[in-house]
Amino acid sequence: MSEINIDAISSRMPLLPLRGLTIFPNMLLNFDVGREKSIKALEWAMHENQLIFLVAQKDIKTDSPQREDLCKTGTISRVRQLLRLPGDSIRVLVEGIERAHIESIEQEEPFYLVDAVMDPEPKVKISSTKKEALIRHTQKLFEEYAGYAPKMTDDTLLQVASADNIAFLADYIAQNIAIRHADKQAVLDELNPVGRINLIMNLLGRETGILKVESNIQNKVTVQIDKNQKDYYLREQMKVIQEELGDHDDVGAEVEEYLARIEALHLPEEMSKKLENEAYRLSRLQYTSPESGIIRTYLDICLDLPWNKETKERTDLKEAARILDRDHYGLTKVKERILEFLAVKKLTNGMTGQILCLVGPPGIGKTSIAKSIAQAMGRKYARLSLGGVRDEADIRGHRKTYIGAMPGRIITAVSQAGSRNCLIVLDEIDKLGNDFRGDPSSALLEVLDTEQNNAFRDHFVELPFDLSSVLFLTTANTTETISRPLLDRMEVIELSGYIDEEKLQIAKRHLIPKQFKKHGLNKTQIKIDDEAVRRIISEYTREAGVRKLENEIARICRKVAKLLASGEIKKSRITASDLDSYLGIPKYKPNKLIELNEVGVINGLAWTSTGGELLEVEANVLEGTGRLELTGNLGDVMKESGKAALSYIRSRAKALGIDHEFYKSRDIHIHFPEGAIPKDGPSAGIATASAMISALTGVPTNKSVAMTGEITLRGRVLPIGGLREKTMAAFRAGIKTVIIPEENLPDLDEIDPTVRAALRFVPVSHMDQVLPEILVGSPQLQAGQKEEEAKNQNAGQVIPVSKEHIQPDIKSIRQ
């Protein structure tokens, strides 16, 4: 480099802003210039004295920088060479002379002309020993840096090794190492040579550490690339061999795709290795081989499973409650349980999946609420029906060695949901079957056990899949047909049928709008009165749920849609009196109580899969030989209850005022109407006994009393099930008093408040306590009737009966 007289340099010179570059004194730098202002500044400099002030921009994106956009310190430089390039750009070579700063800007157009004041280095007193130590340490750091830095020239290494000036050494290293522009500018701003060399040492130490990490990463990548290259080479060889053998050309690409998908799943090593082995087996098979099809199916199914995919669950309890209330009316227990689950999940952030079993009659919304639960929780939804499933392989899958083998329904449902924390509905779990192929209920034991299902192995997949995050929701009409071990793994939530008022609200809020939308109707075209809905409920449907109610509403909508489409009407209002023309004659007559108190007729209560029913029991005494006849399509348990009641009556004949030898000369016929419907169960025991006693004594029974309870040979009254459904049937029929087993008193808390408030409950523990309530003429019954007439004070109360056996005065009753 030629020597320049610094004192002779004029402070007035053009300015050229640099983008992402910094030039240091006594250094050479070449760069391309494309901005018009910068080109004119270079041309002016070449015309004058070849001097130009180079200063870096703070933001390289700025096209027309102002003074505040420029860095504090720049470099006065001399233009050494210009080379014009195609496209109106210039390549320039410059030599740095001295640090300087802008004192003032004299002009901005057509280029920047500034007054640049040089910044001389301050004279710093430093011992030769310290100076030598700084130089050596810097050289050592640079040597270590150069060992990792790419493309470091020998000339650069020589210049650093031969340097004896700390100011030059700092500037030279800063100019020739790859560091951030801001760091280079910081070195240029530092005028003190000692401070500058210390800054360079810190930068070298930091950059060396970064390069070491990059080198380690690069080495690992190189090893992986070498392995991939080796695999690629072998696969290419395999392709050539397969082409020579006439095999399909796409097998290699297909295997590569499988391997890439396996790697992307990040599965445990054991599982990845098994899937990779299957992929390699595929590469060695002919395309037309039957086994290749099995392996493709296996890999596709395994790779489509959501091994690591989860959806973000909703933790807003208010929003979840709003969604549940929006989609379903009632079902309070289910909603509360789901909100409890979400609350615990929110607090613990680690609660495993739960298994809930919704038990109730058909049509009450067990399956449909599952979709709302999934939406409220923010989970994916999948459903599988277990009704009629008899093969264990339906649950666990078939082993893939069989032709046409497929995974079980559980894995299939998870795959369809696309999330490992989905909600799966196991519908109709009470209708599982079994045969020689296995017991599917036993296979479900592992699926529905939260302690075991974190490593569920499907026979087809053969890899452990974690089901612990899945929320299983099962539905059933009854728990009687569910195996005990399976039932033990589930949290049972029993759902009772809807009362008429609840059905009305469900119809108004959900069923009617749904059917209007389905049939293309709107509220201005059709309106269904509340009284019409009530009549549909009572006379056209008889169910615990609302499925048939929805069907009847759909029938009305279809007929109205036909009238509207044909132009016969413009709008329609459906009243209770219009139903005959739309739905025909009523299918059911409302349950009416017996008009008179009759002898030998009792109101019993029965539980059915559709809810509760009022069941009349009729008894008649005939001349004969002591034969007991039970009719009405009865099961064995019900027939045995009749025999037990007869034995009780014979043992108490004298106390009841009945001829103790009546069983020799009298035939007793007990009949349960609606003989086409099968009936069974022990809960009609006290009703059967009461009907026989009334028939044998000739004392009429109270028409407004219904009863349920099992009877023993000694007259004890045992507890029964289905009390909620039975009391609901009594409420619908207009019964005023219900006799229940004393041990069923805790079950009254589960009864709907509306039903409980309307009925008078009499708990009994012995048959002798039943007779005063049911036989008309009993002093105790007469007092109860007077009290009931006095503003119905006992409605919704439990009337205690003395624990002592109360013997009615049958003779006085007869008189």
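**Close-up views of a predicted model**

View 1. Arg 136 and Glu 132 form a salt bridge, with their closest N and O atoms 3.2 Å apart. A salt bridge here is a side-chain nitrogen of Lys or Arg within 4 Å of a carboxyl oxygen of Asp or Glu. The model is predicted: local features need pLDDT of at least 70, side-chain atom pairs count only at pLDDT 80 or more, and totals for chains, interfaces and linings use all residues. Residues are numbered from 1 along each chain as its sequence is written, and side-chain values use heavy atoms, with hydrogens and water left out. Both partners lie in helix 2, four residues apart, about one turn of the helix. Helices (H or I, at least four residues) and strands (E, at least two) are DSSP runs, numbered from the N terminus. Arg 136 is exposed, at 55% relative accessible area. Glu 132 is partly exposed, at 38%. Buried means under 20% relative accessible area, exposed over 50%, and partly exposed in between (1.4 Å probe, protein chains only).

**View 2. The buried residues of helix 2.** Helix 2 covers residues 128–148. Its buried residues include Leu 134, Ile 135, Leu 141 and Phe 142. Tyr 145 and Ala 146 are also among them.

View 3. The side chains of Asp 325 and Lys 335 meet in a salt bridge (3.1 Å, N to O). Asp 325 lies in helix 10 (residues 317–327) and Lys 335 in helix 11 (residues 332–348), so the pair ties together parts ten residues apart in sequence. Asp 325 is partly exposed, at 48% relative accessible area. Lys 335 is buried, at 10%.

**View 4. A salt bridge between distant parts of the chain.** Arg 724 pairs with Glu 494 in a salt bridge, the closest N and O atoms being 2.7 Å apart. Arg 724 sits in helix 25 (residues 723–733) and Glu 494 in strand 13 (residues 491–494), 230 residues apart. Arg 724 is buried, at 11% relative accessible area. Glu 494 is partly exposed, at 41%.

**View 5. The two faces of strand 2.** Leu 29, Phe 31 and Val 33 make up the covered face of strand 2 (residues 28–33). Leu 28, Asn 30 and Asp 32 make up the uncovered one. In a regular strand, side chains alternate between the two faces of the sheet.

**View 6. Cys 302 without a disulfide.** The structure holds zero disulfides (pairs of cysteine sulfur atoms within 2.5 Å). The closest cysteine sulfur to that of Cys 302 is in Cys 422, 17 Å away, too far for a bond. Cys 302 is buried, with a relative accessible area of 0%.

How values were computed: The expected span of a helix is 1.5 Å times one less than its number of residues.
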